[in-house]
Amino acid sequence: MVNYMLMITADLENITSLQPQGGCDDPSFPYFFKVKCGRCGELSQKETCVTLNETVPVPASKGTANLVQKCKFCGREGTVLMVPGKGKLLTQEISDIGKYAPLMMFDCRGYEPEGFVFGSGWKAESAAGTKYEDIDLSGGEFAEYDEKGECPVMISNLRSKFEVVK
């Protein structure tokens with residue numbers, strides 16, 4: 001069992017925070033990424049989607065996971081279990097110093113997560129307090145004009161990585 005923390009960062013212009021619509025532990029927020037087989041190293045061709053509110057039973061076990069999947073190349077079965085309560089929103093302070101914010105932890109057995117894909121379902125708040133809901137980051141950026149703050153707001157240069165955590 002290896003735990004991987006999904007870490008995210010972005011360039012935030014007049015944006016004080018960025019996070020999933022329902023917070024870091026949003027039960028219906030979809031996480032899209034590819035999985036790499038721990039045995040043969042085969043990388044899945046398509047992204048896998050996992051959410052906190054969808055679990056499946058693990059074969060030959062009493063437990064459940066958010067993903068149970070066999071490697072198409074070697075047939076080895078792997079699981080991914082999401083571990084809530086470890087994420088934090090991305091703030092402008094974290095972004096400004098070039099750091100990453102932890103978003104979600106994944107307990108992976110037989111697989112390694114790779115290549116997180118930013119999609120829809122994000123929310124942000126501007127420096128003036130304007131709230132932006134259901135932001136789609138699949139295009140790689142978000143730009144608006146904040147009427148209250150009388151300034152442009154922008155989220156760009158999205159980056160993510162999976163770090164092994166103890």
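Predicted model: local features only at pLDDT ≥ 70, side-chain atom pairs only at ≥ 80, totals over all residues.
Residues are numbered from 1 along each chain as its sequence is written, and side-chain values use heavy atoms, with hydrogens and water left out.

Tyr31 also belongs to the largest nonpolar core, a set of 38 residues in which Tyr31, Phe106, Trp122, Leu137 and Ile155 touch the most other members. Such a core joins buried Ala, Val, Leu, Ile, Met, Phe, Trp, Tyr and Cys residues through side-chain atoms within 4.5 Å, buried being under 20% relative accessible area (1.4 Å probe, protein chains only).

Now for the strands (DSSP runs of E, at least two residues, numbered from the N terminus). Strand β3 (residues 31-37) is joined to β4 by three bridges, and the two run antiparallel; two strands pair if DSSP finds at least two bridges between them. Tyrosine 31 has valine 50 in β4 as its bridge partner. These strands lie in an open, antiparallel sheet of three, ordered β4-β3-β11, with β4 (48-50) and β11 (111-117) at the edges, each pairing on one side only.

A second open sheet holds four strands in the order β9-β2-β12-β13, again antiparallel. Its edge strands are β9 (90-91) and β13 (131-135). Two bridges link β2 (residues 15-20) with β9, and leucine 18 stands opposite leucine 90 there.

How values were computed: Buried < 20%, exposed > 50% of the residue type's maximum accessible area, 1.4 Å probe, protein only.
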